Amino acid sequence: MLEKLQRAFWKALTPDLIKEEVVAPPGLLSADVLSALGGADNLKSQQRVALTRVRVQLQDGTKVDAEALKAAGVPATMVLAGGVVHLLTGL
């Protein structure tokens, strides 16, 4: 219940950043990053939300390999509830 309220609150404040089931054009994620996230079949949606952040929603969040993401050039990740992962790609 609280998660739904929080999502509604942030969606009201930033309607252009939080969209439902948005799939970004192919090529937003490299093959190495996609593999570290559990493959293309594990990907529900991907969206660039800032110059240095990509929001990805996954079918199964347990398939994320943090070490492989670092090796692929993603310095940090934020794992959120519901299989949502923010990939921090810059400074």
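Two strands count as paired if DSSP finds at least two bridges between them, and the strands themselves are DSSP runs (E, at least two residues), numbered from the N terminus, as are the helices (H or I, at least four residues). With that in hand, look at β3 and β4: they form a hairpin with 4 residues between them, and in that turn G82 has a positive phi of about 80°. What you're looking at is a predicted model, where local features need pLDDT of at least 70 and side-chain atom pairs count only at pLDDT 80 or more, while totals for chains, interfaces and linings use all residues. Residues are numbered from 1 along each chain as its sequence is written, and side-chain values use heavy atoms, with hydrogens and water left out.

β3 and β4 are antiparallel and share 4 bridges.

On to the next pairing: β2 and β4 are antiparallel and joined by 5 bridges.

How covered is β2? Mostly: 5 of its 6 residues are buried, meaning under 20% relative accessible area, with exposed over 50% and partly exposed in between (1.4 Å probe, protein chains only). R53 belongs to β2 and, at 27% relative accessibility, counts as partly exposed. Its bridge partner in β4 is L88. The C-alpha atoms of R53 and L87 are separated by 5.5 Å, although the residues are 34 apart along the chain. Leaving aside neighbours within four places in sequence, R53 is in contact (heavy atoms within 4.5 Å) with Q47, R48, M78, H86, L87, L88 and T89.

Next, the inside. In soluble globular proteins, nonpolar side chains tend to be buried together. Here the largest nonpolar core has 12 residues: L29, V33, A36, L37, L43, V54, V56, L58, L69, V74, V85 and L87. A nonpolar core is a set of buried Ala, Val, Leu, Ile, Met, Phe, Trp, Tyr and Cys residues joined through side-chain atoms within 4.5 Å. Two or more of the core residues come from each of α2 (31-36), β2 (53-58) and β4 (84-88), and β2 gives the most, with 3 residues. Take L29 as a way in: beyond its neighbours within four places in sequence, L29 is in contact with L34, L37, L43, Q46, V54, V56 and L87.

Finally, helix α1. It is hardly covered, with 0 buried residues among its 12. At 1.5 Å a residue, α1 (residues 2-13) should span 16 Å, and its end C-alpha atoms are 17 Å apart, which agrees; the expected span is 1.5 Å times one less than the number of residues.
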